[in-house]
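Keep the sequence and the 3D view open, try each task yourself, and then follow the worked solution.

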Amino acid sequence: MGSRLTRHDKIGIALFLIPAITLFIAFFVYPVGFVIVTSFMKWDGIGEAEFVGIKNFSTILGDKVFIRAIQNNIWWSLSGGFIHVPMAALVAMVLSKKPKGWKFFRTVYFFPNIISVVALAMMWMAIYNNQYGALNAILGKIGLQSLQNNWLGQLGSAFPALIIHWIFNIGYFMVIILAQISTIPQDYYEAAEIDGADGIKKDIFITLPLIKGAILTCMTLSMVSGLKHFESVFVMTNGGPANRTMMLTLYVYNQLRNFRYGLANAAAVVLIIIGICAIVGLNRLFSIDFKKIGRKKISTGGVK
Amino acid sequence: MITKADTVAIPLKTERRKEITPVDTLKKFFMWFVIIWFTIFTLMPMIWLVVSSFKTNTELVSSPFSLPTKWQFQNYINAFQVSGIGKMLLNSLIISIIATVLNMMVASMASFSLSRFQFKMRELVFGTIIIGILIPINALMVPYFTLINKLGIYDKHVGLILTYAAIGLPISTYIIRGFMSGLPVELEEAGIIDGCNFYDRFFKIILPLSRTGIVTAATFQFLFSWNEFIYAMLLTSSQNVRTIQVGIRYFSNQFTTDYTSMYAAIVISIVPSILGYILFQEQIISGLTQGAVKG
């Protein structure tokens, strides 16, 4: 456009920006400011807020439950980044060979990502159920009664059971990586064949380096979402047994429910800081140009 | 002209292709092992849940993996009667649709201003909105709760609609603005010559041409609104406004020991998602992946 704007245009630009800016201030700027300010206050939501300095932070950092929550979130993130995503890459590479019915499998693997996290959690509660669950029934059938367990109720098994219920649902990242594989020109493989590379060599020396960017993006996405996960833990164990499955967001929620708004927001500030540090840090570490990847997606028309 | 070398080389190559080495067999075996393992893990729980939802509770305990002796729909009748699932699906639909429309209107208007004109604050405004993508929304529970209460829209549809429309704003603006920036300038110059003012150019030229970007953003926004849980729970209390996601969580309280009816209710709540996915598969996959890769 020309650099000179008419008065009419200027008014239009401003009018068109007002709704977005209003919503953004109300739901992003004000809340973040609010969280930061009240994290230094003792406040129950009704009475007067009282400035207490960094007392809220020292309280939560001294709270074993909070430390447990951070640890759990980190485990959740690491299993996402280093088990979940590599499996997704493996399946994407397998399906990229277009075995019989690969479109069907691609559709099926995506199912758990399309039904909501809550519905999936309820489904797995049915499977882990102590009396009626499918898992215990299978163990009974194959004569392993000794392994039958109250999966979500026992201290040792609750957290692993939570991780296992989603870790094989690789559809989402698989689709992203598969789209990346489909952009690799066929000539590369033909050239390698002439040089005598066989199937596995082609996978390792051509496919893998070329999808590295997509894999690192997926790892970042998976790890960052692991830091703020809430729904399935809330539904399946609500942090129990004995806070073994406590998570950061659940901790914030519990403080809110107990009208300890200052503590809730101190925990929220920690969550925001960890979240932003993770995105920026992982981004630096993997040196990914997000914009570039996004543009590539458009040019290939998304997932084909 | 065919040389001797060619005639020799061609059969050699095909011969090598046909020969199945133990390594090939092993590779094939591994490939199918991977495919089948993930299929079992994904599909079996769903199939088991659906089959179980047609059984009686006694049958579920006595023979958990057999097909029901009699396929009976009593569980589904119970599910509808006990849970009020119809009303919850309707609430989810209303809230998701209006939140998506509102979000698209606000985001595409802002994107138009931020993509088709040069002005001083442009990149600052856009950059600030984009930072919103980085903020973990779950951390803002207390301020959203107090804000919605202050506005007097706690436990009302409009409270969730406004919240969802606002939360999705940074991502939608990012996607739509990216799309609008790519449209050629000549389009508007032609429009100006034809006497189109600011609003004509938006509604008649840019908006229709940005359809692809808007549909992608809308898909992402709709799925987010449909599946959102924390704020649906935190910002409502009565059954009148309850969305399906919050409703699912209450199934275990509502049905207590009537497990098979609860399974039926879970199946009902999953069906719309699966149907929508099968109908709009390509759209949903590209909407979800693009939205997330950018977010």
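**Exercise 1. A covered helix**

Which residues are buried in helix 8 of chain A?

*Solution.* Before starting, note that this is a predicted model.
Step 1: Find helix 8 of chain A, which covers residues 171–181.
Step 2: Recall the cut-off: a residue is buried when its relative accessible area is under 20%.
Step 3: Go along the helix and list what you find: A:Gly171, A:Tyr172, A:Phe173, A:Met174, A:Val175, A:Ile176, A:Ile177, A:Leu178, A:Ala179, A:Gln180 and A:Ile181 are buried.

**Exercise 2. Two helices side by side**

Work out whether helix 14 and helix 15 of chain B are roughly parallel or antiparallel, and describe their contact.

*Solution.* Step 1: Locate the pair in chain B: helix 14 spans residues 244–255 and helix 15 spans residues 259–279.
Step 1: Read the geometry: the two pack at an angle of about 175°, and their axes are 10 Å apart.
Step 2: Angles over 145 degrees count as roughly antiparallel, so helix 14 and helix 15 of chain B are roughly antiparallel to each other.
Step 3: Name the partners. Helix 14 of chain B contributes B:Ile244, B:Ile248, B:Phe251, B:Ser252 and B:Phe255, while helix 15 of chain B contributes B:Ser261, B:Met262, B:Ala265, B:Ile266 and B:Ser269.
Step 4: Sort the residues of this contact by class: 7 are nonpolar, 3 are polar and none is charged.

**Exercise 3. More about helix 14 of chain B**

How many residues does helix 14 of chain B have, and how far does it reach from its first C-alpha to its last?

*Solution.* Step 1: Helix 14 of chain B has 12 residues.
Step 1: Its reach from first to last C-alpha is 16 Å, close to the 16 Å expected at 1.5 Å a residue.
Step 2: Look at its buried residues, which are B:Ile244, B:Gln245, B:Val246, B:Gly247, B:Ile248, B:Phe251 and B:Phe255.
Step 3: See what these pack against: helix 5 of chain A is one of the partners, and several helices of chain B, including helix 12 and helix 15, are others.

**Exercise 4. A serine and its neighbours**

With which side chain does the side chain of B:Ser172 make a polar contact?

*Solution.* Step 1: Find B:Ser172 in helix 9 of chain B.
Step 1: Check its cover: B:Ser172 has 3% relative accessibility, so it counts as buried.
Step 2: Follow its side chain to that of B:Asn103, where the polar contact is 2.7 Å.
Step 3: Leaving out residues up to four places away in sequence, B:Ser172 touches B:Asn103, B:Met104, B:Ala107, B:Ala217 and B:Gln221.

Note on methods. Residues are numbered from 1 along each chain as its sequence is written. Chains are lettered from A and ligands numbered from 1 in the order in which they are written. This is a predicted model: local features need pLDDT of at least 70, side-chain atom pairs count only at pLDDT 80 or more; totals for chains, interfaces and linings use all residues. Side-chain values use heavy atoms; hydrogens and water are left out. Buried means under 20% relative accessible area, exposed over 50%, partly exposed in between (1.4 Å probe, protein chains only). Helices (H or I, at least four residues) and strands (E, at least two) are DSSP runs, numbered from the N terminus. Axes are lines fitted to C-alpha atoms, for helices over the stretch in contact, and angles run from 0 to 180 degrees between N-to-C directions. Angles under 35 degrees count as roughly parallel, over 145 as roughly antiparallel, 65 to 115 as roughly perpendicular and the rest as oblique. Contact means heavy atoms within 4.5 Å. Ala, Val, Leu, Ile, Met, Phe, Trp, Tyr, Cys and Pro count as nonpolar, Asp, Glu, Lys and Arg as charged, and the others, Gly among them, as polar. The expected span of a helix is 1.5 Å times one less than its number of residues. A polar contact is a pair of N or O atoms within 3.5 Å; within protein, one must be able to donate a hydrogen and the other to accept it, and residues adjacent in sequence count only if both atoms are side-chain atoms.
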